[in-house]
Amino acid sequence: MSTPLIEVRHLKKYFGSTTRPVRAVDDVSFAIQPGETLGLVGESGSGKSTIGRTVLRLIERTEGQVLYRGDDLAGLSDERMRKMRSKLQIIFQDPYASLNPKMRISAILDEALATHGLHPGRAARAKRIAELLETVGLRAEHASRFPHEFSGGQRQRIGVARALAVEPEFIVADEPLSALDVSIQSQVINLLADLRERLSLTMLFISHDLDVVEYLCDRVVVLYLGKVMEVASTTELFARPLHPYTQALLAASPKPDPLIATAHVPLKGDIPSPIAPPSGCVFRTRCPHAIEACAQAVPTLDEVAAGHQVACIRQELFMMEAAA
Amino acid sequence: MSELPRLVVQGLSTSFPTEDGLVRSVADVSFSIAPGKTTALVGESGSGKSVTSLTLMRLLPKTANAQVSGKAEFGTRDGRRVDLLQLPDDSIRQLRGNELAMIFQEPMTSLNPVFTVGEQIAESVRLHKKLDRTAALAHAKRMLDLVEIPAAAQRLHEYPHQLSGGMRQRVMIALAMACDPTLLIADEPTTALDVTIQAQILVLMRRLQAETGMSILFITHNLGVVAHHADDVAVMYAGRVVERAAVRPLFATPQHPYTQGLLACLPGKAHAAGLPRPKRLFAIRGQVSSPLAPPPGCAFEPRCDQAVAACTQAMPPLITIADARQARCVLRSAA
């Protein structure tokens, strides 16, 4: 396989005190190939947004490596990292909070271009801004407006335009749809899918919405309490989820069809505190298949089929079921 | 058993005077809920579903100067039929929190942060059931047990900030269930929760409904939840009901172009039934028009792919197109 565009190795991000830290991300590794869209799935507190931000060095990691085309981003000086950011961009969740209400759209996009010295000259930048707005399905005359003059879906398009302004190779999309209504969501999903193809973008798509992930992503990483539970191609993961947490997550997400039965026992209890995660497997306190051994050691992420990795010591159980 | 519906809403309209003119948030909304059944009000932001519930509960702030018309006939426990919109303030106060209960989307902002959860649950039974302090607190503990909160006796004396989001929503449900309501209005009760916690809360609500026979008005934008937890559905768009049906026929053969679009643009729905992943999702173009400048005819006409000339003439009426099915569209003909 070619060199991954982004590779995350043993990434850890702890917050707060050194004695009892919040283990937001705890030893997470994955790689994203050029042109691939990797989904990062998990519930609140699973560490998915922290990973997105740590990868881009919007927050500094505690341990581990983030490689961009084989080079560790952490080694870069602030100045070189700033230059690097033209390759690495992010789309934020809340289009109401992520656009400066005092700036016109033209100024918001112009700032991105000017920072990276792209399209020098006012006229050239104005042309590029018009182009960008059209790329995301808005009109050139929208440039002179302020964020409050737009609806949520349009604002998210502006967020996409800002990320695209510097012609990035890699985009972290951090729950870009969750603030939008269903009918607007599908417009933005189509936009992201189109742009990804046209501009051959590589994407880290962070979401709690499994249906959207299934639609947009090539591969999926399932997180729970800062750890990777399962990694597989989207088709494989949705057809044959092997980790009990992935199975529960899929079962808990109601399908929009009354004829698809959802006869399942929901998971008991809440996600434990990341300050004092359970020993051994972090999922064991809610796992219907937990045994004593689960409390002893942290399960390793093992490859059980080509490209399908699972962190669970009770795999025999599911492999048998799958074979039966 | 041919019981009367527990709630019959007819021609409900709620308008708010604003500096820029009258905003009709809810216009001519009609639906009913049978005893022990769940009716879902589905719609996107601004469709008027929450204003509908607040109007029914008479919880709109006085300062909003809401202009309300229509009827909401509710069958009380003692067999009377009362119009919720016409009842004097003290009578509605006797029903609210008692026979009529409500749970909200955000449990943190709907619980009082300076009282323990036990005190908050006890307050409603002291008021409505005239229990003394000790008996009310004992009742509160039973309610926490009922909603499956572990170590209820201890949780009783905790404050809302000491509980997780799922626990808080359980407390909200315990609070709503304290006086054994016959109608529960649940306004996006699981929207702020993670899916595994959402599943727990939905199962709990089902169990309580089966045990008590209460009716539920379930307000949500989540069509997955509607598919599995509603008996009847009313789809709202721009303040009006555009389609009404039982849940299965609605998902099988949606009749209004908006309902059709809404279902088609779900990535899960598009992908269900073993079909390959479509290259593009269906998208409803444009956005909801401003309530200050509604289109002259059908509110959905500017976004509708099937629109014809007649659509711009006048707002189509909600017509019955089949048994227990209604749609507000000129393309559908009356049964």
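**View 1. Helices α5(A) and α6(A) come within 9 Å of each other, axis to axis, and cross at roughly 15 degrees.** Axes here are lines fitted to C-alpha atoms, for helices over the stretch in contact, and angles run from 0 to 180 degrees between N-to-C directions. The helices themselves (H or I, at least four residues), like strands (E, at least two), are DSSP runs numbered from the N terminus. On α5(A), the contact includes A:Gly152, A:Gln156 and A:Leu164, and on α6(A) it includes A:Ile184 and A:Leu195. Residues are in contact if their C-beta atoms, placed from the backbone, lie within 7 Å.

Before you move on, please note that this is a predicted model, in which local features need pLDDT of at least 70 and side-chain atom pairs count only at pLDDT 80 or more, while totals for chains, interfaces and linings use all residues. Residues are numbered from 1 along each chain as its sequence is written, and chains are lettered from A and ligands numbered from 1 in the order in which they are written.

**View 2. Helix α3 (residues 105–115) of chain A packs against helix α5 (residues 152–164) of chain A.** Their axes lie 8 Å apart at an angle of about 25 degrees. That makes α3(A) roughly parallel to α5(A), and this crossing is right-handed. A:Ile105, A:Ile108, A:Leu109 and A:Ala112 of α3(A) meet A:Ile158, A:Ala161 and A:Arg162 of α5(A). By class, this contact has six nonpolar, no polar and one charged residues. Ala, Val, Leu, Ile, Met, Phe, Trp, Tyr, Cys and Pro count as nonpolar, Asp, Glu, Lys and Arg as charged, and the others, Gly among them, as polar.

**View 3. Here 31 residues of chain A are in contact with 38 residues of chain B.** On the chain A side, α6 (182–198), α7 (210–216) and α9 (244–252) each give two or more residues. The largest share, seven residues, comes from α6(A). This side of chain A has 14 nonpolar, 10 polar and seven charged residues. The model scores ipTM 0.85 and pTM 0.89.

**View 4. Chain B has domain 1 (107–178) and domain 2 (253–327).** These bounds come from an automatic or database domain assignment. The C-alpha centres of the two domains of chain B lie 42 Å apart.

Terms used
Two residues are in contact if their C-beta atoms, placed from the backbone, lie within 7 Å. Angles under 35 degrees count as roughly parallel, over 145 as roughly antiparallel, 65 to 115 as roughly perpendicular and the rest as oblique. A crossing is left-handed if the near helix is turned anticlockwise from the far one by less than a right angle, and right-handed if clockwise.
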